[in-house]
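Please open the model in your viewer and keep the selection tool at hand.

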Amino acid sequence: MLKAWTDAEPAGLLDRFGERGSAFAYLPNTPPQRAVSVTMPVRLASWNAPFGLAPIFDMNLPEGALRERLRLTFAKATGTFDELDLLTIVGRSQVGRIRYTGQNEQLDQAVPFQSVEEILHSARGEELFRYLVEKFATFSGISGVQPKILVRDESALDPPLPAEGRLSQSYRGATHIVKFWDPKEYPQLAANEYFCLNAAKRCGLDVPQYRLAENAMALVVDRFDLRPDGTYRGFEDFCVLNGRTSDQKYRGSYESSVLKRFEQFARSPELLKDLEKLFTLIALNCAIRNGDAHLKNFGVTYDDVLEESPLAPVYDLVTTTVYLQKDAMALSLNGTTAWPAAKALQKLGETRMRGTPAQIRQILQRISDALCQTSREIQSYIKDHPEFGTIGVGMLKEWEKGIQHSLALP
């Protein structure tokens with residue numbers, strides 16, 4: 001049985017239920033502000049899941065190689081290895097505000113220190129990757145098929161925290177997300193994402209601080225859920241908002257499962273501005289040919305679970321078609337996952353964002369301009385890093401196709 005903590009205070013108990021499910025019950029006198037999710041308000045009755053964990057508890061479970069490494073390490077000790085076992089291992093360090101301990105344990109969020117500069121400037125490559133995964137696997141409650149770890153380096157936040165908002169000396173939580181990739185499976189994927197994020201920033205979207213390692217084997221991202229005082233904002237991805245677990249992240253449409261669902265939970269006076277950002281992000285994903293823009297790659301953040309939940313900063317942007325030439329969209333639009341023409345995006349913007357034709361044209365043109373500017377940056381990077389040539393040239397071709405097909409209105 002696990003104790004779930006929100007905002008560093010006990011909220012409820014989570015345990016197995018039935019043959020394959022789980023149950024969560026709030027502790028007596030838990031205030032509404034400490035609800036674990038915008039989808040699970042405090043109540044007397046328990047919240048039961050017939051299979052696995054409820055989406056909010058499933059949200060940060062590692063996937064892929066990191067999950068397999070943890071399974072191989074801990075399965076012998078536990079005899080089994082299900083979602084609750086995995087949450088037990090990584091529960092003390094998570095993205096967002098929820099943490100987990102044993103029923104009678106106190107909360108300890110301490111994460112080992114790791115110099116971000118060492119990661120950015122190291123020439124050790126795969127050796128450093130293996131070392132970091134081994135050291136930080138149990139502190140990395142973050143989803144994703146490709147390995148991601150959470151590390152702590154307070155001095156490396158960019159920009160540095162102002163004096164009045166400096167972290168306390170007792171702070172020991174994670175400050176950065178470090179993303180590695182297998183160069184044999186997805187070569188130059190870190191640089192791929194780096195330039196996609198550059199394009200997003202030029203589109204006017206909110207993007208957390210990020211840096212590419214000199215050897216291009218890692219991308220280091222500042223945590224956007226970290227407050228200046230060392231506490232964490234709430235974060236929930238669109239799997240949670242749609243009541244789905246991570247293995248259902250490719251189910252749904254951009255119309256209903258993303259734009260409509262965001263409007264349902266945003267509770268924001270800036271709703272129309274956030275809808276414009278969300279539409280811009282969807283259109284950008286189409287233009288850069290990101291076939292992995294699924295429900296877990298959109299999210300909301302909040303300081304109070306009962307108040308407004310604005311759109312989270314952009315994360316996990318990649319041109320996937322340079323690796324999978326026939327890749328399509330992760331979710332459907334107009335009933336298909338085929339890359340949309342500009343007219344289809346215009347219709348989406350007018351109906352779901354409630355924008356005018358002129359406003360939609362401006363957005364699509366802004367994305368096109370951002371991609372053209374970033375394309376010149378890619379060309380310059382290729383000259384200094386010839387190992388990026390194949391992927392870089394492939395990205396430029398895919399972006400040009402995206403601009404012509406998905407952004408250019410007649």
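**A helix pair**

Select H9 and helix H10 (residues 342-352): their axes come within 11 Å and cross at roughly 165°. Helices here are DSSP runs of H or I with at least four residues, strands are runs of E with at least two, and both are numbered from the N terminus. Axes are lines fitted to C-alpha atoms, for helices over the stretch in contact, with angles from 0 to 180 degrees between N-to-C directions. H9 and H10 are therefore roughly antiparallel, a term for angles over 145 degrees. The model is predicted: local features need pLDDT of at least 70 and side-chain atom pairs pLDDT 80 or more, whereas totals for chains, interfaces and linings use all residues. Residues are numbered from 1 along each chain as its sequence is written, and side-chain values use heavy atoms, without hydrogens or water.

Next, display the side chains between the two helices. On H9, Leu275, Phe279, Ile282, Ala283 and Cys286 meet Leu345, Leu348, Gly349 and Arg352 of H10; contact means heavy atoms within 4.5 Å.

**Aromatic pairs**

The structure holds 15 aromatic pairs. Rings of Phe, Tyr and Trp (its six-membered ring) pair if their centres lie within 6.5 Å; planes under 30 degrees apart count as stacked, over 60 as edge-to-face and the rest as tilted.

Select Phe129 and Phe180, a tilted pair with 5.1 Å centre to centre and 55° between the planes. Phe129 belongs to helix H5 (residues 126-136) and Phe180 to strand S7 (residues 176-180), so this pair links distant parts of the chain, 51 residues apart. Phe129 is partly exposed at 23% relative accessible area, while Phe180 is buried at 4%. Buried means under 20%, exposed over 50% and partly exposed in between (1.4 Å probe, protein chains only).

Move to Phe238 and Phe298, whose ring centres are 6.2 Å apart with planes at 75°, so the pair is edge-to-face. Phe238 lies in helix H7 (residues 238-241) and Phe298 in the loop between helix H9 (271-287) and strand S11 (299-302), so the pair ties together parts 60 residues apart in sequence. Both Phe238 and Phe298 are buried.

Then select Tyr194, Phe195, Tyr210, Tyr381 and Phe388, which ring pairs link into a cluster.

**Charges over rings**

Select Arg43 and Trp47: the charged end of Arg43 sits over the ring of Trp47, 3.5 Å from its centre. The criterion is NZ of Lys or CZ of Arg within 6 Å of the ring centre and within 35 degrees of the ring normal. Finally, Arg99 lies over the face of Tyr232, 4.7 Å from the ring centre.

Conventions. Angles under 35 degrees count as roughly parallel, over 145 as roughly antiparallel, 65 to 115 as roughly perpendicular and the rest as oblique.
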